[in-house]
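Me: I would like to go through this model step by step, with the cut-offs stated as we go.

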Amino acid sequence: MTTKQQINDDEGHVHGPNCNHQHHHEPQTPIIREGAKIGRNDVCPCGSAKKYKKCCGNK
C-alpha cells in the first residue's frame with residue numbers, strides 16, 4: 001500500500017547517476033547535428049537575411 005507521503009516524495013525526486021530506486025534507467029544517446037551549429041549572430045538559414053536571434057532563434 002502506498003501512502004500519500006510516499007507519492008509526494010516520488011514526485012519531487014530528481015534522479016541522478018547514483019539513483020538507487022528500483023526502476024530501470026535507459027542510457028541516453030547524444031544528439032548529433034546534421035550541419036554546423038548556427039550562432040545567434042549568424043544569418044538565419046530560413047533565407048530572411050535577418051540574424052538568427054531576431055528571426056527563427058527567437059521562439
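**Reading the predicted model**

Me: Where is the place of N41 relative to α1 (4–11)?
Reply: Helices are DSSP runs of H or I with at least four residues, strands are E runs of at least two, and both are numbered from the N terminus. This is a predicted model, in which local features need pLDDT of at least 70 and side-chain atom pairs count only at pLDDT 80 or more, whereas totals for chains, interfaces and linings use all residues. Residues are numbered from 1 along each chain as its sequence is written, and side-chain values use heavy atoms, with hydrogens and water left out. The place of N41 is in the segment after α1 (4–11).

Me: Which residue's side chain does a polar contact of 3.0 Å join to that of N41?
Reply: Leaving aside neighbours within four places in sequence, N41 is in contact (heavy atoms within 4.5 Å) with K51 and K53. The C-alpha atoms of N41 and K51, ten residues apart along the chain, are separated by 5.4 Å. A polar contact is a pair of N or O atoms within 3.5 Å, where within protein one must be able to donate a hydrogen and the other to accept it, and residues adjacent in sequence count only if both atoms are side-chain atoms. The polar contact of 3.0 Å joins the side chain of N41 to that of K53.

Me: How many disulfides does the structure hold?
Reply: A disulfide is counted when a pair of cysteine sulfur atoms lies within 2.5 Å. The sulfur of C56 is 3.6 Å from the closest cysteine sulfur, in C44, and is therefore too far for a bond. The number of disulfides that the structure holds is zero.

Me: Is A49 buried or exposed?
Reply: A49 lies in the segment after α1 and has a positive phi of about 70 degrees although it is not a glycine. Most residues other than glycine have a negative phi. Buried means under 20% relative accessible area, exposed over 50%, and partly exposed in between, with a 1.4 Å probe and protein chains only. With a relative accessible area of 65%, A49 is exposed.
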